[in-house]
Structure formats: structure tokens, C-alpha cells
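Subject: Structure for you to look at

Hello,

Here is the structure I promised. Please open it alongside this note; my findings follow below.

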Amino acid sequence: LGCCLRLASRSGLNMTGLRLAIGYAMMILVIYVAQVIGSVSGVTSFWTPCILAAGGVIVRLRTVQWSRDVLSFCLHPVWLLLVAGGMAIIVNGGVDYLPVTNDEFSHWLGNPVKINAFGSWSAARDSLHLADYPPGWPLLLALPWQLTGNVDLGAASAAPFVLHVATIGIVFDIVVFLARKRLDISAGRATIVGWAFILLFMAAETLGPLWPTTLLIEPPQFLGYTIVLLLMFISTVAKEDRRALELSAGVVLASCYLIKSAALIFAPAISGVFLLRLLLSPADRNRIRNALLSSALVILPVIVVAVTWDAISDGKGCLYSPMATLSPDALARAGSLDWRDLADRYTAALWEYTSSYKTPLTVVATIGMVAALVRRNFTVPLALSLMGTAYLALLYWYHLSCFGAFYFEHLNSIPRFTRVLLRTLHGVGLVLLLDMVLSVMARDAAHKHHLKCFRPRFVISV
């Protein structure tokens with residue numbers, strides 16, 4: 001599906017990883033429009049993106065200049081990782097998956113099984129658990145089953161794997177682009193830098209294991225958020241492609257909302273970023289127009305999807321509507337509880353998990369964020385900080401006003417909620433840190449007139 005779009009790079013940024021990521025997001029949106037808005041069958045919603053994707057691939061293959069692009073095409077991690085995953089499946093005679101968590105049985109796999117049994121989301125709606133949660137993930141997990149009609153949990157487990165590969169592809173493309181731009185080196189050397197970085201990136205399981213160990217909702221959340229923030233970052237560097245990158249971030253963010261509605265928190269966070277960008281620069285019509293256009297490209301897609309889902313959903317109560325936490329009953333419940341004790345236990349639980357989960361990665365990624373701020377590239381650090389603050393504040397408020405007595409006492413899945421932010425921080429922060437290192441190396445090389453004197457530092461930095 002990503003090949004259907006004309007993503008002609010004017011800055012020199014390779015769009016291969018972006019094509020897979022935006023194609024993945026478009027697939028979620030197409031299935032949503034087909035099954036939820038259009039009430040078509042699951043089989044039709046399966047073949048629709050397949051036909052569109054086949055057409056896009058044919059068009060893309062006709063436009064590729066094979067004499068020039070064949071090497072970069074063959075050496076790109078997107079294709080190599082997808083082929084490696086396919087070969088591993090063939091060698092092992094398929095993929096088996098055994099669900100072990102309660103949420104998988106009750107919701108994230110339970111609902112796809114019902115959707116498959118009824119033939120479509122609209123037909124299964126009345127029997128679904130928490131049917132008014134955004135349906136993107138259950139629809140996506142059920143998609144490969146439409147080919148045969150049989151439930152195959154192993155086939156469904158490929159969904160987070162492909163999204164992870166797309167994220168790795170974007171990281172690779174960004175690193176190669178930054179290496180060429182900052183250091184003015186050849187494409188071959190930049191490719192080596194890119195591969196060195198992503199191999200270490202994957203070895204550290206920065207975004208978790210490449211092939212998923214569960215089909216819970218967290219991996220597509222932090223993978224999607226990482227893609228959005230990386231696209232926002234690179235749009236400030238590859239300015240010739242800024243509009244295409246911002247719109248792509250908006251499309252991916254809209255698909256993230258269909259995975260989980262917490263993605264909507266990015267809307268005010270991103271608005272705050274562009275507002276601050278206006279305040280810190282001389283005001284004129286062009287700057288105001290550009291800021292408004294950038295904000296609209298990133299935010300409007302997710303708002304449109306959220307409005308359509310709100311019109312379709314019949315959900316009542318705080319689990320479906322944040323505004324319900326401000327009802328008189330919810331406010332009275334929150335006022336009757338010991339909010340200070342909850343705040344103490346909540347912050348202690350957050351600190352305990354944050355300080356113990358992949359601490360070296362957290363420290364290094366935070367340094368990358370701080371380095372970006374020092375270099376006045378505040379778009380991503382500010383967006384993630386505002387989103388994370390609002391996310392954790394809302395989680396605290398939900399413990400007071402919504403989750404009930406049990407979770408007020410025992411706290412609701414703090415590691416799972418917190419891991420979404422931490423892994424997003426890890427994925428984005430490491431890229432920002434590398435950008436800072438490359439920029440410093442470029443300044444050193446400028447003083448020495450060539451880069452060869454800095455090969456040892458180059459290797460250590462990578």
C-alpha cells in the first residue's frame with residue numbers, strides 16, 4: 001500500500017522504511033473504513049488492501065531505476081528482515097503461538113476470533129468484549145485468517161513483527177541520511193554506519209524482541225509512537241520533504257488511535273510544539289502559515305478518525321470517554337479517596353519500574369533528548385515530554401475516578417503502561433544521540449579538513 005503513494009524524495013532520504021510503515025497504517029485505516037464504517041465482510045476487507053497493494057507494487061516496480069537502485073534495494077534491512085522472517089517460518093514449518101496472558105484471552109485475541117467467526121466486525125459487534133474500544137488491533141490480527149477462514153494465531157503474530165521491521169527500516173533510512181548529510185561521506189560508508197547502528201539497536205532490544213512474545217496492545221503502541229516522532233524529527237532535517245513526512249506522521253498517528261485511543265494525547269502535545277516554535281521565532285505570515293499547516297498535517301488525520309469512531313461507538317462510561325471522569329459521580333468518588341496516598345504509591349511504582357527497566361538505555365536515550373534540546377531541535381523532546389506528562393497524569397486520574405476500588409488499592413498494570421513511554425523514549429532518543437555524535441564529528445573533521453584522522457573515534461562513536 002505504501003507503494004501506491006508518490007513519495008519522491010527531494011532531500012535524498014530513502015523512503016523504503018516509510019513506505020512499509022505508511023502502508024501498514026493505511027491497511028489499518030482501509031480495514032476500519034471497510035468493516036466498521038462500510039460494514040463489509042472480512043473477506044472483502046482482506047482482498048481490498050491486497051488488490052490495492054498489488055497495484056502499488058506494480059507501479060513502483062515500473063518506476064524503479066534498477067541500474068542505480070538495485071544495490072540499495074537489496075541491502076535494505078526491510079527486505080532482508082522480511083525475507084529472513086519468511087525463511088524462518090518455512091524452516092520451522094510454520095509459526096505456533098500460545099497465548100498466556102488474561103488480556104489476550106479476553107480481548108486482544110478473543111475479539112479477533114469472534115470477528116472471524118461472525119464474518120465481520122459489524123456482525124460480531126454485540127458479542128465483543130469491550131466492543132467500544134477502538135477496533136484496529138483486533139481487526140488487524142483477524143485479517144490473515146480471512147484467506148482460509150481458519151483461526152491461525154501464528155499468522156496473527158506476524159502483525160507486530162512487520163510493524164517492527166518498518167520501524168527498523170525508518171531508523172536505518174534516517175541514520176544513513178544523517179551520516180551522509182553530517183559527514184559528507186559516500187552512500188556505501190553511510191550504509192555501513194546504518195547497518196552498524198541498527199544491528200546494535202536490535203541487539204539491545206531497544207524496541208523489544210524483533211518477533212513478538214505476546215500479542216498484547218503495547219508493541220504496536222510504542223512502535224507507532226516511535227515512527228511518528230522519528231518522522232517529526234527527520235522533517236526538521238530533510239526540509240525538502242517536510243510536508244510529505246508530516247502528513248505521513250499524521251496518517252501513522254491516525255492508525256495509532258485505532259490501536260488505542262491514548263494516541264489522541266499527541267494532538268495537544270504536537271499543537272504545543274508548533275505553538276512554541278512560533279513563540280521562539282520572529283512572527284510573520286509565512287511562519288504562522290507554515291506552523292498551522294504543519295500542525296494540521298500531523299493532527300487532522302487522527303482527529304478525523306477519532307470523530308468517526310465517536311459517532312459509531314455506543315460506549316458509555318469512563319473506560320470509553322475521558323469526559324465521563326468529570327461527571328458528578330466520578331468527581332465525588334475521586335474526592336472520597338485518599339489522593340495523597342495514591343500519589344505516593346503511584347510515583348513510587350513509576351520510579352521503581354523506570355529505574356530498573358533497561359536503565360542503561362534509558363540513560364543514553366535521555367542524553368540524546370537533552371542533546372537535541374541543547375542544539376535547539378526541541379520538536380521531538382518537547383512532544384514526547386508533553387505527551388508523556390499528560391499520559392501519566394491521566395493514568396493517575398483514572399485510578400482515582402474510573403478504575404475502581406481494586407485498582408486504586410493495587411494499581412493497574414503500571415509496568416505495561418510505563419513501558420510504552422520508555423520504549424518510545426529508547427527508540428527515539430538513541431537516534432537523536434547519534435545525530436549529535438555525527439554533528440560533533442563533522443565539526444572535528446572540518447577543522448582537520450578530512451575524516452580519515454578520526455577513524456578510531458568514528459568506530460567508537462558508532
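The expected span of a helix is 1.5 Å times one less than its number of residues. Keep that in mind for two of the helices below. One caution before that: this is a predicted model.

Helix H14 covers residues 266–279, which makes 14 residues. From first C-alpha to last, H14 reaches 20 Å, close to the 20 Å expected. Its buried residues are Phe266, Ala267, Ala269, Ile270, Val273 and Phe274. What do the buried residues of H14 pack against? The partners are helix H12 (218–235), helix H13 (242–259), H15 and helix H19 (379–401).

Helix H18 (residues 359–374) passes the length check too: its 16 residues should span 22 Å, and its end C-alpha atoms are 22 Å apart, which agrees. Buried residues in H18 are Leu361, Thr362, Ala365, Gly368, Met369, Ala371 and Ala372.

Next, a helix pair. The axes of H1 (residues 16–37) and H15 (residues 285–312) come within 12 Å and cross at roughly 20 degrees. Angles under 35 degrees count as roughly parallel, and H1 and H15 are therefore roughly parallel to each other. Their crossing is left-handed. On the H1 side, the contact uses Leu29, Tyr32, Val36 and Ile37. On the H15 side, it uses Val305, Thr308, Trp309 and Ile312. By class, this contact of H1 with H15 has seven nonpolar residues, one polar and no charged.

Now some single residues. Thr226 sits in helix H12. Is Thr226 buried or exposed? Its relative accessibility is 0%, so Thr226 counts as buried. Leaving aside neighbours within four places in sequence, Thr226 is in contact with Thr167, Leu207, Arg423, Thr424, Gly427 and Val428.

Two backbone angles are worth a look. Most residues other than glycine have a negative phi. Arg376 is not a glycine, yet its phi is positive, about 65 degrees. At 60% relative accessibility, Arg376 counts as exposed.

Ser413 also has a positive phi, near 50 degrees, and is a residue other than glycine. Where is Ser413? Ser413 lies in the loop between helix H20 (405–410) and helix H21 (414–448). With 25% relative accessibility, Ser413 counts as partly exposed.

Best wishes

Note on methods:
Residues are numbered from 1 along each chain as its sequence is written. This is a predicted model: local features need pLDDT of at least 70, side-chain atom pairs count only at pLDDT 80 or more; totals for chains, interfaces and linings use all residues. Side-chain values use heavy atoms; hydrogens and water are left out. Axes are lines fitted to C-alpha atoms, for helices over the stretch in contact, and angles run from 0 to 180 degrees between N-to-C directions. Helices (H or I, at least four residues) and strands (E, at least two) are DSSP runs, numbered from the N terminus. Angles under 35 degrees count as roughly parallel, over 145 as roughly antiparallel, 65 to 115 as roughly perpendicular and the rest as oblique. A crossing is left-handed if the near helix is turned anticlockwise from the far one by less than a right angle, and right-handed if clockwise. Contact means heavy atoms within 4.5 Å. Ala, Val, Leu, Ile, Met, Phe, Trp, Tyr, Cys and Pro count as nonpolar, Asp, Glu, Lys and Arg as charged, and the others, Gly among them, as polar. Buried means under 20% relative accessible area, exposed over 50%, partly exposed in between (1.4 Å probe, protein chains only).
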